[in-house]
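The sequence and the structure are shown first.

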Amino acid sequence: MSDFKDFVRSKKTKGITADHTKKLSTGIEKVLATSSMTIANSDRQKFAEEAINVAQSDEVLSELSDQIGKPAELESEDEFVNRSKKALSKILKEKLNG
């Protein structure tokens, strides 16, 4: 595998199911319920589903892959994951606010 985008795509073909997406959507809805964002209850599920679609898009995966690259030589798995989360969060904020 050459980059993060390829990794995600290979995992998606191996079994990211509607059940996984539903669990993620429910998790996003719960975060929204306790956040300072003002999204009506009726719109939370729609927003969560849109966020998932954006996060899984080729555009976002390519941008994320370009930003994070490969783990640094002395970077732990936890450090790489945290760096990746921060990068994805920034990208999603830009995409979902614009």
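In this predicted model, a polar atom of the Ser-84 side chain lies 2.8 Å from the backbone oxygen of Phe-80. Ser-84 is part of helix H5. Ser-84 counts as buried because its relative accessibility is 10%, and the cut-off for buried is under 20%. Apart from neighbours within four places in sequence, Ser-84 is in contact with Leu-64 and Ile-68.

**Overall make-up**

The protein has five helices and zero strands, and from the N terminus on its elements run α-α-α-α-α. Of its 98 residues, 22% count as buried. Among contacts with a separation of 6 or more, 54% are between residues 24 or more positions apart.

**Helix H5**

H5 has 21 residues and spans 30 Å from its first C-alpha to its last, close to the 30 Å expected at 1.5 Å a residue. Its buried residues are Phe-80, Ser-84, Ala-87, Ile-91 and Leu-92. They lie on the same side of H5, because they cover an arc of only 135 degrees around the axis. An α-helix has 3.6 residues a turn, so residues three or four places apart point the same way.

The face of H5 turned away from the buried side carries the exposed residues Asp-78, Lys-85, Lys-86, Lys-90, Lys-93 and Asn-97. One of these is Lys-85, which counts as exposed because its relative accessibility is 55% and the cut-off is over 50%. Lys-85 and Leu-64 are 21 residues apart in sequence, while their C-alpha atoms are 9.6 Å apart in space.

**Helix H4**

The buried residues of H4 are Val-60, Leu-61, Leu-64, Ser-65 and Ile-68. Their arc around the axis is only 130 degrees, so they sit on the same side of H4. The exposed residues Glu-59 and Asp-66 are carried on the face of H4 turned away from that buried side. Ile-68 touches Phe-4, Phe-80, Arg-83, Ser-84 and Ala-87, not counting residues up to four places away in sequence. H4 is followed by Gly-69, which has a positive phi, near 60 degrees.

**The nonpolar core**

Which residues make up the largest nonpolar core? There are nine: Val-54, Ala-55, Val-60, Leu-64, Ile-68, Phe-80, Ala-87, Ile-91 and Leu-92. The elements giving two or more residues to this core are helix H3 (41-55), H4 and H5. H5 contributes the largest share, four residues. In soluble globular proteins, nonpolar side chains tend to be buried together.

Is Glu-75 buried or exposed? Glu-75 is buried, because its relative accessible area is 17% and the cut-off is under 20%. Its side chain reaches the backbone nitrogen of Ala-72 at 2.9 Å. The Glu-75 side chain also makes a polar contact with the side chain of Arg-83, at 2.8 Å. Not counting residues up to four places away in sequence, Glu-75 touches Phe-80 and Arg-83.

Pro-71 is partly exposed, because its relative accessible area is 49% and this class runs between the cut-offs of 20% and 50%. Leaving aside neighbours within four places in sequence, Pro-71 is in contact with Phe-80 and Arg-83. Pro-71 and Val-81 are 10 residues apart in sequence and 9.1 Å apart in space, C-alpha to C-alpha.

| Residue | Relative accessible area | Class |
|---|---|---|
| Ser-84 | 10% | buried |
| Glu-75 | 17% | buried |
| Pro-71 | 49% | partly exposed |
| Lys-85 | 55% | exposed |

**Phe-80 and Arg-83**

Phe-80 belongs to the largest nonpolar core and is among the buried residues of H5. Phe-80 is touched by Glu-75, by Pro-71 and by Ile-68. Arg-83 is likewise touched by Glu-75, by Pro-71 and by Ile-68, and its side chain makes the polar contact with Glu-75.

Conventions. Residues numbered from 1 in each chain as written. Predicted model: local features only at pLDDT ≥ 70, side-chain atom pairs only at ≥ 80, totals over all residues. Heavy atoms only, no water. Buried < 20%, exposed > 50% of the residue type's maximum accessible area, 1.4 Å probe, protein only. Polar contact = N/O pair within 3.5 Å; in protein donor to acceptor, adjacent residues only side chain to side chain. Contact = heavy atoms within 4.5 Å. Core = buried A, V, L, I, M, F, W, Y, C linked by side-chain atoms within 4.5 Å. Expected span 1.5 Å × (residues − 1). Arc of directions from axis to C-beta.
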